[in-house]
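Morning, everyone. Let me put the model on the screen, and then we'll walk through one chain and its neighbour.

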Amino acid sequence: MNIRLARPEDLSGMQAGNLVNLPENYLMKFWMYHILTWPQLSFVAENDKGHIVGYVLAKIDEESEEKGGEMHGHVNSISVLRSYRRLGLAKRLMMLSQDAMASVYKANYVSLHVRKSNIAAIGLYRDTLGFEVAEVEKKYYGDGEDAYVMKLFLKNQS
Amino acid sequence: MSKKTVAPKESNRYLSSKESSLFKELLSLYEAKQLKKGLKAADQILKKYPEHGETLCMKGLVLVHMGRREEGIELVRKGIRMDLTSHIVWHVFGLIQKGEKKYEDALKSYTQALRFDKENMNLLRDVAQLQTQLRLYDGLVETRYMLLRLRPTARQNWIALAVAYHLSGNLAEAMKVLVEYEKTLKNVPHYDVEHSETLLYHVRVLEELEQYPEALALLDVSAKDRAIVDKTAIMEIRARLLSKLRSAEAEHAWKVLIEHNPECYDYYKGYTSNQGLNLGLDENPSEALVILREFSTQLPKANVPRRLSLLLASNEEFEALAQPYLLSGLKKGIPSLFVDVKSLYVDPAKLRSLQDIAESIRKDTTPDPSSAPFSISTEPTTYLWSLYFLAQHYSYLSEYSKAMELLDLAIAHTPTLPELYTCRARTLKRAGDFFGASRAMEDARLLDGQDRFLNTKSAKYRMRAGLIDEASALLGLFTKKDAPSPGADLEEMQSLFYLLEEGDAHQRAGRLNLALKKYTAVQRVFDDYEDDQYDFHGYSLRKFTINVYLNMLDWEDHLRSHPSYIKAALAGSRIYVDVFDDPKLASNNVDGGGTDAEKKAKKKAKKAQKEKEDAAKKATAPTTSTNEDKGLDVPYKDDDPDGMKLLSAPEPLTLAAKLLQPLTTLAPNNIDVWISIYDVAIRRGKHLQAVQALARARALNPEHPELHVRIIHAKLSASIIPEPIPSPSGPVFAETLDKILPEDISLATFNSQYLQNHSTSAKAVLAAAQASRMLGTPLQEVEDLIFTALHDEVLLDIKTALEISGFLKKIKSSRVDELHKALDAKFIMSTAFKTLEELVKIREAVLTTNASSSNDRPDNDTTLVENETELGRVEAGGSA
């Protein structure tokens, strides 16, 4: 699989991959907004036919003043098609995005939401990438499930 | 809206000082979207000046924002009539038209407004966005120039002018503007991402101007100053520029990139092409193989160099590389291993070799019950994954029973691995057993009900088997619960997969109205994608993310080259052509013909629509009007839920032409596009366009069976044109057609020659039969010809077999049953040619074996009869 920065022509493949894989879906304008605002942070994996088989969509957030006002990265959505698992694609996609968050935006940490029941994803974030659970957001998901907010502090790269 | 100057007393724009300040307040209230207060202010002015055009327009605008569209637009129109020389009324009108996505009209209104207020920044900015949306780049340069002249202190005005020059094709001017802009900058802080993006844009302009040394110099100095902060971008551009400059540093630059991301093909391509090598295209790849081997050693975890080596190597070297590649993939249980190596099969020797390696791994890992018990457990999963790999392999080679045997073994070994069932499903689908395929895919889904991927697959396979309601029930497990139907939610979320699959399923079942409805929805998704760029024409310039913005514009310009658009456009156009040929098709579907779930969904949708309208009515009542801003965009309203209006549209061919139009430039190498364009044009009496389309198709593949039929059709059509086509089209038409098929060859001879040349292709046999029918050959002879497609030496697949059956039905042949019987015997595993009674049983079996959604099916006879067409016309889908 080929792993590279996401480009505008990848957006419909990313949107389609998200729709067949995950329950949280977004309109095209949302996908466009992210890569047109933070063009360095989103990545894709494609197969040899050029079909998108995995992606990470990320952004930069500024905390509210009371929380410290820190710049940090946030992963909006990441998924790899079931038929392309066990290749380590999710890990590589995440690491490229994290690297860009730190080097381009000097982000202190990266956060994400994950379903409490999604053991596999939590395993990837915690055991492979080093994230920790920072808090629980009650009923974060449309169907009423709680989310873990997970965080990973990024090494400051100058 | 900008403030206005005071009008003289005799003018109909005059307001007394109280109302005049009230009007200014109205403008600020509108800017702040204080709609309720704005409405009040407008009403107050109108009390004293009921015919004040600008106030009428502003009131209308506010009302549209509040969701009272029709009433609002009425007022706007009235306001314009009252004050034709006001920039405000035209500005308001432009805003309304923009909300209706009538960009050309909006631009006209804005241009009108500018005539009365030449230096209005708001107007100019909106005009620039409209000009970009419409790709009127020369005008855009003028507008951006004006904006910069009016406010040179705004940084984005400089960038915007540079981008305008760039888009208009004037790179040199774009660069001049950037240089001037950078001179104006003082004290840019380090690590300013906006400035960094601007400089990266500047480097791009230099690179596109082929000023490589200058580009590299700017890049290097900006990187050193930390003015450009995107390190990956620096590395990539640097490597590319160094290669273009044939610098000795290039090799190292590419190497650094490979180390940064060892899974990116582009970097290896960059590295090797910098060495003068061409990955995969060189006659002697040994040099490239040495390089890749070095990278494999240096980066042991990287997959790309190992996989690229498989592409380049051959013979013993290939085997030596492929063995560990397959073994490691099977040991790790990588599900995509087969899909990964499949593209190597174009080389038959590699196919053979991979098969041998996989078979030998399977043999080595097969548990041996007679030996000591520990050996059984040595490689149990490797054994399992080798069975899975081989099953996919044989399925791909159309050795279906072999694939099925391997899957039986694998499932007996590990009954809980969904991939085994998805592979079984795909094999059955390829063999033409759509019901069995659907059942197998549902078995896979039931092993992991939380997985949307398997859910989607199972729904897709149900649609392929014509089980639309049952598919919808599955999709509904993951769609929003408050949506009118699962399909409505998927449509709203722009699921192209869903729209196409369901459209195709309806089309196969003869419900052309519903099929057309879905294909049109695909078209609308692309219209929305196109509209989505509008705001970015302003936003991206303020954010300075120019490079990605320019790439986005390019993507938008090629949007409809997307396979989903092409499919929908071709399928939709075919339906329009069929309806034109046989208008009865539109009236036959008059009950809407929906399936049960759709009828339910329609009721629910109607109810939801009514609730919406009621709510809107409530909102219209002055007492309940709120501040809620509904925006200016026209909300989508579906007043044709079953697609009957679409199907019975008075000008189907115009609609078809509109669907196909973008493809002439975006998919010019797709022969189906030109054939469809011919079909539409010839029926519209556009003879020249029709034969030119044939010429384009012929240039792509002169022997294409569909083209053959059209050539005969064109000749016949030309012979019955009532009066000669006037010059200059007439002579060009005759000349083009004569080039395709010279006058002195008789059509019958042409047809029989074609058949002779392609007698082992079932598609060609069908084409020849269709052509001879057109030429008036007696039915019996045509039937005899069609049946030759069943001969052993003829290559026949299920899809073509179904087309043949469709053709026999169309010409009202009495031998359809005979054909089906023969086809059923030929395609042993397929259910496509079973009799209706057999299908009823098979379908029941599928649904009762499926644990879910079988209980809500009424199983009385009426339902079964209703589904006759659906059962009879299941069609082979493309292999996924």
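How many residues of chain B are in contact with chain A? The count is 42 residues of chain B, against 41 residues of chain A. Contact here means C-beta atoms, placed from the backbone, within 7 Å.

A word on the source. This is a predicted model: local features need pLDDT of at least 70, side-chain atom pairs need pLDDT 80 or more, and totals for chains, interfaces and linings use all residues. Residues are numbered from 1 along each chain as its sequence is written, with chains lettered from A and ligands numbered from 1 in the order written.

Back to the side of chain B that touches chain A. Several helices each supply at least two residues, among them H13 (231–244), H30 (512–532) and H32 (546–557) of chain B. Helices are DSSP runs of H or I, at least four residues, and strands are runs of E, at least two, numbered from the N terminus. H32(B) gives the largest share, five residues.

Now one helix pair. H30(B) and H33(B), residues 563–581, pack at about 145°, axes 9 Å apart. Axes are lines fitted to C-alpha atoms over the stretch in contact, and angles run from 0 to 180 degrees between N-to-C directions. H30(B) contributes B:Leu516 and B:Phe526, among others, and H33(B) contributes residues including B:Ala568 and B:Gly572.

Finally, the whole chain. Chain B has 50 helices and zero strands. Of its 880 residues, 45% are buried (20 or more other C-beta atoms, placed from the backbone, within 10 Å of their own).

Note on methods: Two residues are in contact if their C-beta atoms, placed from the backbone, lie within 7 Å. A residue is buried if 20 or more other C-beta atoms lie within 10 Å of its own, exposed if 12 or fewer, and partly exposed in between; C-beta atoms are placed from the backbone.
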